[in-house]
Amino acid sequence: MAQTDITSAERDGMGPHGTKVGLLRVLGPAHVWALGVGIVLVGEYMGWNFAVGKGGAYAALMACWFAGILYSCVAMIDSEVTSTVAAAGGQYTQAKHIIGPLMAFNVGLYLVFAYTMLEAANAITAGYLVSVVATMTGYGGELDQRPFIILVIMFLAWLNYRGVLATLTFNLVITAIAFAAIIVLFISTSGIVGDGIMQHAALFEGHEKPYGWIGIVAAMHFGLWFYLGIEGTTQAAEEVRSPARALPFGTLAGIMTLLIAATLTWYICSGVLPWEFLGDGVNGSVAPLFDTARLSGSNALIWFLGIGTLFATLASANGCINDASRAWFALGRDKYLPAWFGAVHPQYRTPYRAIVFLVPIALIFALGAPLDQVITFSILSGLLGYTFMPLNILMFRKKWPMGTIKRGYEHPFHPIPAIVLLSLCGFTFFAVFLGYGTQLVAMIGFYIVVSLWFHFWRYRFVNRGAQFTMPWPKPQGY
Amino acid sequence: MAHYTPPAQSKLSQIIDVIVLVTLTLGALFVPLWLNLAGAAKTVATPVENPTWEALGQNAVQAAQYEALGYTPETAHDLILARFDYSFTTGALIVMIVVVIAYYALMLKFSDVEYREVISEKFGEKK
């Protein structure tokens, strides 16, 4: 069988239809890192601490590391497949070429909803942060957070509308500052510089396993929040100058950054904040790193972590708008959704209709649902997507064995990462079931209904052969 | 396989498709909330009257951190004592497992049918 080299100079830079018309190819590996880490780093600033609430501090640490293994598998698998799929839509486009249209439609929706919910959660946190700053600076009343939530979403949507290079360069700067804030907080409070304020032993005393072993399982649910969204780097596939090289590099550098940030975050917060306060992200610690800084007694740290939290939420919301709109755009371009959404702005070269359409959806979730429900909705969509990935890589290797397509990256130890990932996904489904079973069934019920709608109604408007846009040989077994 | 030509979709039909999808999405999130079926409600099983830090199970360091955060034993009472209820029935667990597996089985089955059409039209029938 002839080799098809997607990484060759001839193919590199091409759009999915073999043309150079479409989204702008202007991004480098640093932008890919900024997109992935930018989306996720907010998970260290808020949300992960619900894992403490579900099982205690030790349970959250175990969830952090098990979720780290899960996402390392995700990053390895994703890097291999996406290094051959140089098109917007990320995992949606992968599923379309490897498993089939209905799976692709579902994966596209996972992406859109995971990122739109995450964007809503970010906006809620930004609004909360503004209200805290108002209180700390002497405002006596209760600040209405809604205008700030709306402002965050509208401003970032406008930035995304205007162009991807400025959007992700902005992300690169603010993500780097937010990451630096975690490092500075760790150095300042752990005793490396000056007196440390960590009191792990005393704070854990009598509360080592408040729910017993089942709490450790349950904590895995929100353990995903430490890393959720790193797979979004693949959405930039059609806008990076060299997808076969930049995407694996940016993604794997991103997961390494996050493993460090997640562990440091757990260490810092659990050593300063009592677990019941830390674990309640609604009535207790909405922004745990910021709360830790407040207890440090250093005004400089309070301001730096306040800025870090705000930047992390902005970077994440910014990246989420970028990714959700690319997935929605790709669905429209293939007519899985009305083709109107598949338009590219003639001047800014962005998927502007998809960007604008998703703004009110994000606002409805940000203004109308509590934070933990929004996060759970996002996690569930992400979890469904992670369960798809091992199936995806197993079929990819079977249909296009090594040597039939040149990969920009080949992940090692196949199929062990796929098996580990599938096992951890099953484990996490059970963790979500503990406490959030209704949402889990409601969510899957939603995906079953929309799948039937797609298969029996929507798919009639889709071109059959034309949707297979990669220059790959015929899959084996067909 | 003969080349498939999809029918043209009217603008009204496209708008209806989007409305259906958005309505289903909002329903999936908000209906469980409106029906009070959303989980995650923590409850205080055994309230403590006239709470003190000791009665709430807090040692001196833990109490000091709560006070630094602006709490008193009274205001921290619910925060400290509220717990999730992780009890579940085997039937509920089986329903969850069946729903998840049925969903992916449905996905893979229907996807395979559609995928064979795609490959057939793109590359021709299997020889």
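The following legends describe close-up views of a predicted complex. Residues are numbered from 1 along each chain as its sequence is written, and chains are lettered from A, and ligands numbered from 1, in the order in which they are written. In this predicted model, local features need pLDDT of at least 70 and side-chain atom pairs count only at pLDDT 80 or more, whereas totals for chains, interfaces and linings use all residues.

**View 1. The contact between chain A and chain B.** Chain A contributes 67 residues and chain B 55 residues, two residues being in contact if their C-beta atoms, placed from the backbone, lie within 7 Å. On the side of chain B that touches chain A, two or more residues each come from helix 1 (11–34), helix 2 (60–68), helix 3 (73–81) and helix 4 (90–123) of chain B. Helices are DSSP runs (H or I, at least four residues), numbered from the N terminus. Helix 4 of chain B gives the largest share of this side, 20 residues. By class, this side of chain B has 38 nonpolar, nine polar and eight charged residues; Ala, Val, Leu, Ile, Met, Phe, Trp, Tyr, Cys and Pro count as nonpolar, Asp, Glu, Lys and Arg as charged, and the others, Gly among them, as polar. The predictor assigns the complex an ipTM of 0.85 and a pTM of 0.87.

**View 2. Helix 7 and helix 12 of chain A.** The axes of helix 7 (residues 164–189) and helix 12 (residues 288–296) of chain A cross at roughly 35° and come within 11 Å. Axes are lines fitted to C-alpha atoms, for helices over the stretch in contact, with angles from 0 to 180 degrees between N-to-C directions. From helix 7 of chain A, I182(A), L185(A), S188(A) and T189(A) meet L289(A), T292(A), A293(A) and S296(A) of helix 12 of chain A. This contact comprises four nonpolar, four polar and no charged residues.

**View 3. The enclosed helix 9 of chain A.** Helix 9 (residues 213–223) of chain A is largely enclosed by the rest of the structure, because nine of its 11 residues are buried (20 or more other C-beta atoms within 10 Å of a residue's own, C-beta atoms being placed from the backbone). Among the buried residues are M220(A), H221(A) and F222(A). The buried residues of helix 9 pack against helix 2 (50–55), helix 3 (57–82), helix 15 (371–399) and helix 16 (416–456) of chain A.

**View 4. Confidence along chain B.** Chain B has an average pLDDT of 90, and 93% of the residues score at least 70; pLDDT is the predictor's confidence in each residue, from 0 to 100. Among the elements of chain B, the mean pLDDT is highest for helix 2 of chain B (97) and lowest for helix 1 of chain B (86).

Definitions and conventions: Buried ≥ 20, exposed ≤ 12 C-beta atoms within 10 Å, placed from the backbone.
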